[in-house]
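This briefing covers charged and aromatic side chains in one predicted model. Keep the structure open while reading.

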Amino acid sequence: MAPLQIKPLHPSLGAEVAGVDLAAPLDAPTRDVLTRALADHLALIFRDQSLTPAQYLAAASAFGPPMEQHYSQHNMPDFPLIGLIWHRNGQQPAEQWHTDHTNREHPPAATILHGVEIPSAGGGTSVASMRAAYLGLPADERRRLEGLTTFNGLDGHADTRPEDREKYGRPIEHPMVRTHPVHGSKAVYFHISKATHVSGMTPEASRAYMRDLLDRMIRPEIVYHHAWRKGDVLVIDNRATMHRAHGDYDRSQSRVLWRIIVEGDRPRLS
Ligand SMILES: [Fe+2]
């Protein structure tokens, strides 16, 4: 196989990694290069991967230990650490900008998606750099955000199982700006529908403030749009990005992504 190569795809974030077969074991130097590349580029794309669930889990563990997902009804039978993203089992595409699983004390460092069935058009995933979003805010607003926290819970999907609600529904507080543990940079960090409120604000004011922040922060120049091909693996750094799905595809076609999330550090601002 050709040597590992990393090619940026967009001025703000996103890089394609060539020369890595994720079905084979990854040695320690390769894991280190990928960990650093994720921190630098925030979204990594591996093309033309052919993976069994076990191989996929082994590859994903290069970015951290796979962790349980709280919509357990969508887990892959026999491989409960892999979630199935599939509209035919009743899921709606997550079209709102978000970062994953902020209701956890140690939210995922990365979300990893593998394109297994891809519609002929649409159905992409967009990823925005919250590092660039932070730098794009006026200095006084950056300071304000650095003093705020969010309180997070489950976002109330009607089909949430009681046992998931029990395990993952208690309030968790996170800073609205977090320092990346590998890169050392700061990024804006919140989940508008998992945050019940921002410190010192009513739920209504919190929602309006987060909505306004998203509207102002997320501009085309800080967004990488991923158009899926079958066999792609997309690794998203949840510590410094937000992402969203696009529901603009023909629902008579199948779109199946396998999702793994890997545990990260407790968000902190330093
Ligand atoms: Fe997500």
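Arg178 and Asp265 form a salt bridge, with 2.9 Å between the closest N and O atoms. The pair joins distant parts of the chain: Arg178 sits in strand β11 (residues 177-179), Asp265 in the segment after β17, 87 residues apart. Arg178 counts as buried because its relative accessibility is 1%, below the 20% cut-off.

**Other salt bridges**

- The whole structure holds 14 salt bridges.
- Arg170 meets Glu105 in one of them, at 3.8 Å from N to O.
- That pair also spans distant parts of the chain, 65 residues apart. Arg170 is in the loop between α5 (162-168) and β10 (172-175). Glu105 is in the loop between β6 (79-86) and β7 (108-117).
- Glu105 is partly exposed, at 32% relative accessible area.
- Glu146 pairs with Lys186, and their closest N and O atoms are 3.2 Å apart. Glu146 belongs to helix α4 (residues 139-146) and Lys186 to strand β12 (residues 186-188), so the bridge ties together parts 40 residues apart in sequence.
- Both partners are partly exposed: Glu146 has 25% relative accessibility, and Lys186 has 27%.
- Salt bridges also link Glu16, Arg47 and Asp232 in a network.

**A buried arginine without a salt bridge**

- Arg131 lies in helix α3 (residues 130-136).
- Arg131 is buried but has no salt bridge.
- The side chain of Arg131 does make a polar contact with the side chain of Ser185, at 2.7 Å.
- Beyond four places in sequence, Arg131 touches residues including Asp40, His180, His183 and Lys186.

**Arginines over aromatic rings**

- Arg142 places its charged end over the ring of Tyr134, 5.5 Å from the ring centre.
- Arg144 lies over the face of Tyr209, 4.4 Å from the ring centre.

**The aromatic pair**

- The structure has one aromatic pair. Tyr56 and Trp258 form this tilted pair, with 6.1 Å centre to centre and 45° between the planes.
- Tyr56 is buried at 1% relative accessibility. Trp258 is buried too, with a relative accessible area of 12%.

Technical notes
Residues are numbered from 1 along each chain as its sequence is written. This is a predicted model: local features need pLDDT of at least 70, side-chain atom pairs count only at pLDDT 80 or more; totals for chains, interfaces and linings use all residues. Side-chain values use heavy atoms; hydrogens and water are left out. Helices (H or I, at least four residues) and strands (E, at least two) are DSSP runs, numbered from the N terminus. Buried means under 20% relative accessible area, exposed over 50%, partly exposed in between (1.4 Å probe, protein chains only). Lys and Arg count as positive and Asp and Glu as negative; His and the chain ends are not counted. A salt bridge is a side-chain nitrogen of Lys or Arg within 4 Å of a carboxyl oxygen of Asp or Glu. A polar contact is a pair of N or O atoms within 3.5 Å; within protein, one must be able to donate a hydrogen and the other to accept it, and residues adjacent in sequence count only if both atoms are side-chain atoms. Contact means heavy atoms within 4.5 Å. Rings of Phe, Tyr and Trp (its six-membered ring) pair if their centres lie within 6.5 Å; planes under 30 degrees apart count as stacked, over 60 as edge-to-face and the rest as tilted. A charge sits over a ring if NZ of Lys or CZ of Arg is within 6 Å of the ring centre and within 35 degrees of the ring normal.
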